Amino acid sequence: MRDMSFHITTFGCQMNAGDSEWLARAMQARGFSEAPFGQASVYILNTCSVRDKPEQKVYSEIGRIRSLTGNDPNVLVCVGGCVAQQVGNALFSRFSQVRLVFGADGIAQAPDAIVRLTRERFRRLSLVDFSAEYPEREGPLYAGTRVPASAFVAIMQGCDNFCSYCIVPYVRGRQKSRRAEAVLEECRAVLDAGAREITLLGQNVNSYGHDSGGMGFTDLLYKVAALPGLARLRFITPHPKDLAPELIRAFGELSVLAPRLHLPLQSGSDRILERMGRRYTRAQYLDLVAKLRAARPEMHFSTDIIVGFPGETEEDFQETMETMRQANFVGSFSFVYSQRPGTRAALLQDELPRKEKLERLSRLQEWQYAHAGEMLRALEGETVEVLLEELSPKPEAGLVIWQGKEPRGHTVNVTLTGPEPARGWKGSLVPAQITAAAMHSLRAEQVGEAR
Ligand code: 5AD
Ligand code: SF4
């Protein structure tokens, strides 16, 4: 075990992935270095409770640390994120190595708390209170490190929508928008540190500003888009009910805004959408998709679907399938409904048998899988600009192949033929012609100079 070393395990969504990136930098700024699982003195579990058996997953991970480290009292386990918020101090009594618990807003203080705990052996700390405002963190902490070609920047925390199945408003708190100035400052810092692409993050990004009465989402988007050095801009996750006409217009006007939108549908049945409390209909959703396609014809859409919500009939499910075909999704994250304690949907009686839910899920995924393959094949021959992220994990003798993303977010393995640009391949944008589509990715060849 190395002293002053840490390991982070991340469960769940992009918000957590972004939080873990920040935590890693904050730990490094305090003199800690990253170590492989089993060799670190500090373990941070960044947890998620949106679906499945979240607590069990966390408990088994803590159990794994306990057995690998022989329950060493010098090993510090910190549990953060949604499960920590929910289970809270009960984690202390179950696991002696757990000495820090922090929730969505407590994360800002977590690195300093860890430093204190490594010095004061017998203390435990709990940071699970919600703050009234966006919990601004120290930053941007990029000095001396190189950010990835594509960086995440949080613009808000929490959610006010209370969709009937969802635990997020309870474990992440109510919506709190981050000050626009702080967002822009972080964006400038990641661009200065070498990022070319920024993804703005939030549970419900397009209601940004609704809570604070400050700048709205579209205005913020235009401000970020104008920052020098930015090549590509994305955001996740928007809610269809808040997708304003000016945001649709932005897709036509802002060339740096990537032609890809992840827009959660959840269900294609109006009856189920109503029970979910989503506040849009299937027709309204499809209308948004049509308008976005008119603004940006090359746009690709992806979505989230919950299968087997209480009371979902075969007809409701067929409506979801039909809507998916109409929206022409290139990808979807699909989940079987899982009951979350304390949510409104947990009070609904008619939950479906698990077998039925799984059977519907596999039909949906089968369609999506085949359809995504067709859509990728349709891209063969096109020339796209690829943002290079890392050497291809599948090298081929005699070739220089890098992996990156094209504007619609598809992974591309590009064979590089030109000279390496001054900034290096990582983070370079390379024009490339798509030569073949594999299951989940594309092959391409460089056809112009990298920038
Ligand atoms: N059961 C299944 N899926 C859920 N999601 C959120 N809550 C639940 C639940 N209780 C899914 C939604 C959401 C995604 C992040 O997780 O599709 O968009
Ligand atoms: Fe959950 Fe709905 Fe908020 Fe998304 S919009 S985080 S599904 S409550």
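These legends walk through several close-up views of the predicted model shown above. Residues are numbered from 1 along each chain as its sequence is written, and chains are lettered from A and ligands numbered from 1 in the order in which they are written. Because the model is predicted, local features need pLDDT of at least 70 and side-chain atom pairs count only at pLDDT 80 or more, while totals for chains, interfaces and linings use all residues; side-chain values use heavy atoms, with hydrogens and water left out.

**View 1. Phe235 meets Phe251.** A search of the whole structure finds nine aromatic pairs. Rings of Phe, Tyr and Trp (its six-membered ring) pair if their centres lie within 6.5 Å; planes under 30 degrees apart are stacked, over 60 edge-to-face, and the rest tilted. The ring centres of Phe235 and Phe251 are 6.0 Å apart with planes at 55 degrees, so this pair is tilted. Phe235 belongs to strand 11 (residues 232-236) and Phe251 to helix 9 (residues 245-253), so the pair ties together parts that are 16 residues apart in sequence. Helices (H or I, at least four residues) and strands (E, at least two) are DSSP runs, numbered from the N terminus. Both Phe235 and Phe251 are buried, meaning under 20% relative accessible area, with exposed over 50% and partly exposed in between (1.4 Å probe, protein chains only).

**View 2. Phe309 and Tyr337 pair up between two loops.** Here the ring centres are 5.3 Å apart and the planes are at 70 degrees, so the pair of Phe309 and Tyr337 is edge-to-face. Phe309 is in the loop between strand 13 (300-307) and helix 12 (314-327), and Tyr337 is in the loop between strand 14 (331-336) and helix 13 (354-377). Phe309 is buried at a relative accessible area of 0%, and Tyr337 is buried at 3%. Together with Tyr165, Phe309 and Tyr337 form one aromatic cluster.

**View 3. Ligand 2 and the residues around it.** Among the residues surrounding ligand 2 are Cys159, Cys163, Tyr165, Cys166, His239 and Arg278; a residue is near a molecule or strand if one of its heavy atoms lies within 4 Å of it. How does this shell divide into nonpolar, polar and charged residues? It has seven nonpolar, three polar and one charged. Ala, Val, Leu, Ile, Met, Phe, Trp, Tyr, Cys and Pro count as nonpolar, Asp, Glu, Lys and Arg as charged, and the others, Gly among them, as polar.

**View 4. Arginine ends over aromatic rings.** The charged end of Arg51 sits over the ring of Phe335, 3.6 Å from its centre. Likewise, the charged end of Arg94 sits over the ring of Tyr59, 4.0 Å from its centre. For this, NZ of Lys or CZ of Arg must be within 6 Å of the ring centre and within 35 degrees of the ring normal.

**View 5. The largest nonpolar core.** A nonpolar core is a set of buried Ala, Val, Leu, Ile, Met, Phe, Trp, Tyr and Cys residues joined through side-chain atoms within 4.5 Å. Of the 59 residues in the largest one, Leu200, Leu233 and Phe235 touch the most other members. Helix 7 (residues 180-192) gives the most to this core, with seven residues. A second, separate core has 22 residues, including Trp22 and Val115.

**View 6. Thr47 in strand 3.** Thr47 is in strand 3 (residues 42-47) and is buried, with a relative accessible area of 0%. Leaving out residues up to four places away in sequence, Thr47 touches residues including Phe11, Asn16 and Val58, where contact means heavy atoms within 4.5 Å.
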